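Visitor: I would like a close look at a single part of this structure, followed by whatever else can be connected to it with care. Please take the time you need.

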Amino acid sequence: MKALVLEEKDKLQIRDIEINEYLSATDVRIKIAKVGICGSDVHYYQHGRIGDFVVNAPMILGHEASGIIVEVGSAVQHLRIGDRVCMEPGVFEPNSPEAMQGLYHLDPNIQFWATPPVHGVLRESVVHPANLTFKLPDHVSLEEAVLVEPLASGVHVARKVGISPGDTAVVTGAGTIGALMALALALLASGCSRVIITDVKQQKLDFLVQHYGERLIACNVAQEDLKCFVQRHFVGGVDLFVDCSGHASAIAAAPDCLKPAGKLVFVGMPQHAVPMDIVAMQVKEIETISIFRYANDYERSIALIASGQINVKPLISKKIHFNQSIQAFELAASAPADVIKIIIDFDL
């Protein structure tokens with residue numbers, strides 16, 4: 001089938017590739033319709049690795065996806081041919097110790113799309129477990145469904161951290177993950193009263209305030225000191241600091257921005273080791289929480305979009321046909337200030 005293949009660092013090709021996928025009784029086959037370009041896809045394209053995940057062989061990119069079911073395994077009861085779906089991209093071993101504890105996303109053998117050496121879904125079709133495939137409500141578009149995957153990270157943080165009504169927060173990085181993280185924290189019924197979101201691109205911050213400004217406050221950290229900005233808006237600091245940037249300077253600012261007994265949450269993955277001022281954290285008894293993807297958050301995320309509680313439509317910046325997906329990646333890699341989410345569309 002045709003696929004977008006990362007041959008090696010800095011080299012993409014649209015070409016035929018042989019994928020041998022057997023449809024078991026508990027699987028479905030999905031015709032891919034839309035795929036979002038994630039920051040991790042771009043990172044693999046530009047650097048050939050993320051931490052210990054290294055591209056050593058050609059790999060199909062893409063893990064934020066939606067599509068239409070074209071074949072159903074004999075044991076599948078809840079899905080039908082023609083159903084519009086989105087798919088949770090990590091296939092785990094159900095009997096692993098991690099899965100048995102409800103932490104299937106931490107299964108060390110999880111097969112997660114577009115994470116070396118596992119192929120992603122920027123291709124014509126995929127076979128996927130039915131229990132990781134979710135039917136969409138009629139009024140949720142296939143484009144919106146692409147945003148379920150990154151939204152699930154925000155929902156996971158909100159659940160794991162245990163937000164209390166009226167909490168305040170800082171979210172660093174206004175890319176797709178950061179934007180959806182801020183929305184998940186601010187717009188859940190028991191969520192934060194206000195969230196500061198930071199970036200170095202004013203146009204991106206202005207866009208988010210324009211569309212979601214009732215509970216979001218923007219801080220351009222290229223122009224303002226984050227500690228002073230936080231203290232100006234929240235005397236004593238915030239309850240929660242969520243780093244989605246992976247930048248050392250953002251992480252270093254956390255102790256000064258947090259209240260005593262505040263929580264520092266690591267979502268972004270730094271490219272290099274980050275020094276931490278442990279004493280500054282100790283004297284405030286700051287709690288640190290690390291996040292790796294999500295678990296049991298897909299249905300919640302679909303429900304939040306379906307209910308209108310979180311409107312993801314404004315975050316979709318551009319739709320580009322699959323045939324121009326190399327150009328789409330070049331655009332994403334250039335990180336334009338007016339682009340948050342690019343969707344590669346098989347149907348345009």
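How are H1 and H12 oriented to each other: roughly parallel or roughly perpendicular?

Guide: Before anything else, please keep in mind that this is a predicted model. Helix H1, which covers residues 39-47, packs against helix H12, which covers residues 325-333, at an angle of about 95°, and the two axes are 10 Å apart. Angles of 65 to 115 degrees count as roughly perpendicular, and H1 and H12 are therefore roughly perpendicular to each other. On the H1 side the contact is made by Asp41, Val42, Tyr45 and Gln46, and these meet Phe329, Glu330, Ala332 and Ala333 on the H12 side.

Thr115 itself is placed in the loop between S10 and S11, and with a relative accessible area of 8% Thr115 is buried.

The loop between strand S10 (111-112) and strand S11 (125-129) also holds Arg123, while Glu21 lies in the loop between strand S2 (11-16) and strand S3 (27-36), so the pair ties together parts that are 102 residues apart in sequence. The link between Glu21 and Arg123 is a salt bridge, in which the closest N and O atoms are 3.2 Å apart. The two partners can be told apart by accessibility, since Glu21, at 24% relative accessibility, counts as partly exposed, whereas Arg123, at 2%, counts as buried.

In one of them the side chains of Arg29 and Glu71 meet, with a distance of 2.9 Å from N to O. Arg29 lies in strand S3 and Glu71 in strand S7 (residues 64-72), so this pair ties together parts that are 42 residues apart in sequence. Arg29 counts as partly exposed at 22% relative accessibility, and Glu71 is likewise partly exposed, with a relative accessible area of 32%.

In the other, the side chains of Lys34 and Asp345 form a salt bridge of 2.8 Å, N to O. Here Lys34 is in strand S3 and Asp345 is in strand S20 (residues 341-345), so the parts tied together are 311 residues apart in sequence. Lys34 and Asp345 are both buried. They also take part in a network of salt bridges that links Lys31, Lys34, Glu143, Lys319, Asp345 and Asp347.

For another helix, consider H4 (residues 148-161), whose 14 residues reach 20 Å from the first C-alpha to the last, close to the 20 Å expected at 1.5 Å a residue. Twelve of the 14 residues of H4 are buried, so this helix is largely enclosed by the rest of the structure. Among the buried residues of H4 are Glu149, Ser153 and His156, together with Val148, Pro150 and Leu151. Just after H4, Gly162 takes a positive phi of about 80°.

How values were computed: Residues numbered from 1 in each chain as written. Predicted model: local features only at pLDDT ≥ 70, side-chain atom pairs only at ≥ 80, totals over all residues. Heavy atoms only, no water. Axes fitted to C-alpha atoms, helices over the stretch in contact; angles between N-to-C directions. Helix = DSSP H or I, 4+ residues; strand = E, 2+ residues; numbered from the N terminus. Parallel < 35°, antiparallel > 145°, perpendicular 65-115°, else oblique. Contact = heavy atoms within 4.5 Å. Expected span 1.5 Å × (residues − 1). Buried < 20%, exposed > 50% of the residue type's maximum accessible area, 1.4 Å probe, protein only. Salt bridge = Lys/Arg side-chain N within 4 Å of Asp/Glu carboxyl O.
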